[in-house]
Amino acid sequence: MKKNSNYLKSPDLFPITHGKRNISPFGFAVIWVGMAIVLAAFAIGGGGIINLPLGMVILATIIGSVAIGIFMVVIGDIGVEHGLSFPVYMRAPFGTIGTHIPSVVRAVTASCWFGINTYFGSAAINGILNLLFGWDNWFVCFLLFAAAQLINTSLGIKSIERFADLAAPIIIIISCWMYVTLSGNAADQGKDIWNWVESPVTGLSAFTAFMVVVMANMGFWATLAADMPSLSRFFKAPKNERNWFKRNKTQLIGSLVVMPIFNTFMVTIGAVSYIAVSNADPVFALQEAASGFILGILLLMIVLAQWSTNTSANVVPAATIFSNVGGPKIPFWVGVVVAGIIGTLAQPWSLFDVLNSALLIIGGILSSVVGILFADYYLLRKRRVNVHELYETSGQYRYLNGFNMAGMIAWIIGGIIANLLPAYSSIVGFVVGAVLYYVLAKFWWFKKYSQAEIEDPSDDKYLGITVGRDWTITTEEKVIVTSASETVNEHL
């Protein structure tokens with residue numbers, strides 16, 4: 001049969017079938033241990049402790065972590081149910097071409113975070129080599145560290161999980177040591193970490209400070225919440241399981257248990273670090289208190305943490321999106337390289353402060369994408385998706401020259417309003433994006449462009465793993481969908 005030149009049919013972006021889903025609940029849990037160790041978490045703790053006592057910072061972080069964790073699990077069901085990645089499903093609410101605009105924003109954001117994390121990891125590597133051999137060339141360390149992470153990611157999700165298995169216990173042990181050391185340092189100065197506050201506030205100011213910590217935690221992880229399907233499509237899940245909670249067990253354990261625990265712990269370390277030395281960066285604090293072998297071990301944790309975060313939270317999503325933009329000519333590993341190049345060209349070593357502010361703004365913008373995905377997948381399609389049409393250039397998701405204007409309008413307005421209210425950006429972006437998209441799509445856009453799964457919400461035709469179906473897309477002109485009953489439907 002003649003091969004199809006359809007650029008939407010990139011083999012790396014085809015749905016992941018049940019037999020190829022290898023990440024267990026434990027596997028995702030250890031991946032989260034590594035992903036939670038990020039400098040942004042330390043900074044949130046350092047910023048929060050200026051106006052709030054540690055107990056309130058911890059409470060706000062738990063609330064924010066659980067809230068964004070819920071968003072992650074809810075959106076991640078797209079990957080679990082249908083095996084679809086984020087940019088492919090985005091063809092439904094944004095169109096086959098429109099998907100590229102918000103997706104690329106996310107991909108560039110992830111690539112820049114890759115560069116930032118690689119820079120701090122390379123600085124730690126340089127410090128270790130300096131201790132051992134007197135070496136001092138952080139840029140060479142940056143290039144080598146970036147290459148190692150990109151190769152690890154190119155080898156696939158199982159390789160990432162294996163690295164996380166190695167790194168997680170080391171990170172946990174060293175993190176506990178960091179907390180004890182910093183707490184002791186503060187105590188030596190006569191500071192009670194549970195009662196010390198630099199500039200206490202009360203009343204409405206205290207509530208605002210509390211909400212800033214909540215939203216900071218949500219805003220930072222909003223980018224991952226949007227493209228969680230790119231990871232969740234690899235999670236193990238039972239076939240023919242109609243119970244949503246049982247089907248999403250891997251996600252629930254990772255994003256609602258492990259992530260809140262370790263994210264809160266990292267925020268706490270950042271807060272205690274600020275109490276001890278007026279700097280939220282624990283590496284800076286521990287360099288004041290440690291040397292020799294101990295300092296080398298601490299720096300090793302920074303290396304492992306940045307590596308673990310980058311592969312799962314940054315490079316995989318970015319590479320998946322770049323592969324979607326380029327079509328079959330850009331396989332996943334090429335997308336990995338592109339992410340690495342962008343992260344390096346961003347020059348994180350000289351532009352960290354500017355990038356950090358810009359990326360947090362983009363995080364607010366992307367929160368509206370999460371709302372749009374929620375409204376499209378749950379409220380309008382009710383989890384049913386005409387999957388083979390997602391891979392057709394002239395199919396039902398082409399809309400107007402490849403654009404779903406309901407999604408584009410809701411995203412732009414939601415993103416603007418989210419950033420007008422930065423203290424509540426994640427919630428505002430989500431709600432505005434969801435409500436606007438629902439109204440525009442249901443009462444306007446889908447009146448013009450009918451959607452098969454909405455007109456005929458058939459379980460057998462449009463659900464995935466819930467009814468035991470694996471969606472199988474071929475690069476040929478014929479698309480085959482194999483269901484649990486072994487029937488074959490051909491879509492020409």
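The questions and answers below concern salt bridges and a nonpolar surface patch in a predicted model.

Me: How many salt bridges does the structure hold?
Reply: The pairs counted are a side-chain nitrogen of Lys or Arg within 4 Å of a carboxyl oxygen of Asp or Glu. For this predicted model, the number of salt bridges is 13.

Me: Which residue meets Asp 376 in a salt bridge, and at what N to O distance?
Reply: Side chains of opposite charge can pair when their charged atoms come close. The side chain of Asp 376 pairs in this way with that of Arg 381, and the N to O distance is 2.8 Å.

Me: Is Asp 376 buried or exposed?
Reply: Buried means under 20% relative accessible area. Asp 376 has 0% relative accessibility, so Asp 376 counts as buried.

Me: Which glutamate meets Arg 381 in a salt bridge, and how many residues apart are the two?
Reply: The side chains of Arg 381 and Glu 453 meet at 3.0 Å, N to O. The pair links distant parts of the chain: Arg 381 is in the loop between helix 16 (348-380) and helix 17 (405-420), while Glu 453 is in helix 19 (residues 452-455). Arg 381 counts as buried at 1% relative accessibility, and Glu 453 counts as buried at 0%. The glutamate is Glu 453, and the two are 72 residues apart.

Me: Are Lys 461 and Asp 456 buried, partly exposed or exposed?
Reply: The side chains of Lys 461 and Asp 456 meet in a salt bridge of 3.0 Å, N to O. The relative accessible area of Lys 461 is 45%, and Asp 456 has a relative accessibility of 33%.

Me: Which helix gives the most residues to the nonpolar patch?
Reply: The patch on the surface is formed by Leu 204, Phe 207, Ile 412, Ile 413, Ile 416, Leu 420, Leu 421 and Tyr 424, with about 790 Å² of accessible area together. The elements that give two or more residues to the patch are helix 9 (203-226) and helix 17. The most come from a helix that gives four residues, helix 17.

Me: Is Leu 204 buried or exposed?
Reply: Leu 204 lies in helix 9 and is one of the residues of the nonpolar patch. Exposed means over 50% relative accessible area. With 67%, Leu 204 is therefore exposed.

Methods. Residues are numbered from 1 along each chain as its sequence is written. This is a predicted model: local features need pLDDT of at least 70, side-chain atom pairs count only at pLDDT 80 or more; totals for chains, interfaces and linings use all residues. Side-chain values use heavy atoms; hydrogens and water are left out. Buried means under 20% relative accessible area, exposed over 50%, partly exposed in between (1.4 Å probe, protein chains only). Patches are made of residues with over 30% relative accessible area and no salt bridge: like charges are joined within 9 Å, nonpolar side chains (Val, Leu, Ile, Met, Phe, Trp, Tyr) within 5 Å. Accessible areas come from the Shrake-Rupley method with a 1.4 Å probe; for residues, only the protein chains shown count as cover.
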